[in-house]
Amino acid sequence: MTEHRIGTHEEWRAAREELLKEEKELTRRNDELARRRRELPWVPVEREYRFETEDGAKSLAELFDGRSQLLIYHFMFGPSYEAGCTVCSSIADTLDPNMVHLNARDVTLICSSRAPLDRLLDYRKRMGWSFGWVSTVGSDFHRDLGFVNTEEELKPFLDGEIPPIVEQMAKASGTDVAGYVAEGPGLSAYALSDGKVYRTYVTTARGLEPAMGYYGLLDRTPIGRHEEGESEFWLRRHDEYEAV
């Protein structure tokens, strides 16, 4: 028998209307944050980054592919990884079908990782994605944005008790803990104006949740995310879930 509070339709409707007021307020707050995000100052990208692509080496400006705006998802797929990060893979599942809509609004979306290009493209084929994926082998691009950690920086974490979820995710990517946590996920945004590239926005951690569409849907189910107390993280690559 359920332990959840049971009520009449009238009680539910009254509580729902109260909650709706707060949901609308949150929407207005999100609109305000989006406006402020757009008003952040643009920072010129002075470094000459180079990227390995399917069409040869390219500069950051060339990654715009004829558009004026660029979104780059910094996908955790380090040099020691055999497969892409499970969580980043779930995000890519959301990003891939949105490319056509972003293109229609003058935005190019790509992923960037530090693993060799052939390994990235093989994994993309396995996952059935079509977005552009570039390799930053020999580049400090991810490091300059704070998405790569050195062994020295990681030492306090690695010397402590490693959370089981980190060990699980490292194993799933075919690398060790040190290799796994050397990488970090992120999203960065750029504008191209008069031939000059400007960085306009960077986010990571829970700032990436808009690209994790399943969480927004789970938040609206009766049980929600229901992750507390689980001994193993539930998320898998889309081709690794058992048939249910």
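This is a predicted model: local features need pLDDT of at least 70, side-chain atom pairs count only at pLDDT 80 or more; totals for chains, interfaces and linings use all residues.
Residues are numbered from 1 along each chain as its sequence is written, and side-chain values use heavy atoms, with hydrogens and water left out.

Pockets were located on a 1 Å grid over the protein atoms alone, a pocket being an open set of points where a 1.4 Å probe fits, with protein on both sides within 12 Å along at least five of seven lines, and lining residues being those with an atom within 4 Å of a point. Grid points are joined across faces, edges and corners, and each volume is the space filled by probe spheres set on the points. The largest pocket has a volume of about 970 Å³ and is lined by 28 residues, of which Arg37, Leu71, Leu187, Ala189 and Tyr201 lie nearest the centre. Helices (H or I, at least four residues) and strands (E, at least two) are DSSP runs numbered from the N terminus; on this basis, at least two lining residues of the largest pocket come from each of α1 (9-38), β4 (69-74), α2 (86-95), α3 (99-103), β5 (107-113), β7 (186-193) and β8 (196-203). When Ala, Val, Leu, Ile, Met, Phe, Trp, Tyr, Cys and Pro are counted as nonpolar, Asp, Glu, Lys and Arg as charged, and the others, Gly among them, as polar, the lining of the largest pocket comprises 18 nonpolar, seven polar and three charged residues.

The second largest pocket has a volume of about 610 Å³, and Val87, Ile165, Met212, Tyr215 and Phe233 lie nearest its centre among 27 lining residues. Two or more residues of this lining are given by each of α2, α7 (164-172), α8 (177-181) and α9 (213-218), with the largest share, four residues, coming from α7. By class, the lining of the second largest pocket has 21 nonpolar, one polar and five charged residues.

Phe233, one of the residues nearest the centre of the second largest pocket, lies in the segment after α9. Phenylalanine 233 counts as buried because its relative accessibility is 15%, where buried means under 20% relative accessible area, exposed over 50% and partly exposed in between (1.4 Å probe, protein chains only). Leaving aside neighbours within four places in sequence, phenylalanine 233 is in contact (heavy atoms within 4.5 Å) with Val87, Ile165, Gln168, Met169, Tyr215 and Glu227. The C-alpha atoms of phenylalanine 233 and valine 166 are separated by 9.5 Å, although these residues are 67 residues apart along the chain.

In soluble globular proteins, nonpolar side chains tend to be buried together. A nonpolar core is here a set of buried Ala, Val, Leu, Ile, Met, Phe, Trp, Tyr and Cys residues joined through side-chain atoms within 4.5 Å. The largest such core has 37 residues, of which Tyr73, Phe75, Phe77, Tyr123, Trp129, Trp133 and Tyr180 touch the most other members. At least two residues of this core are supplied by each of α2, β5, α4 (117-127), α7, α8 and α9, and the largest share, four residues, comes from α2.

Arginine 124 is placed in helix α4 and counts as buried because its relative accessibility is 11%. Residues up to four places away in sequence not being counted, arginine 124 touches Glu54, Trp129, Ser130, Phe131, Gly132 and Trp133.

Strands are taken to pair if DSSP finds at least two bridges between them. β4 and β7 run antiparallel and are joined by six bridges, with isoleucine 72 having serine 188 of β7 as its bridge partner. β7 also pairs with β8 in the antiparallel sense, over seven bridges, and alanine 191 stands opposite tyrosine 198 in β8. These two strands form a hairpin with two residues between them, and aspartate 194 in the turn has a positive phi of about 55°.

Positive phi values also occur at aspartate 106, where phi is near 65°, and at histidine 226, where phi is about 55°. Aspartate 106 lies in the loop between α3 and β5 and is partly exposed, with a relative accessible area of 31%, while histidine 226 is placed in the segment after α9 and is partly exposed at 49%.
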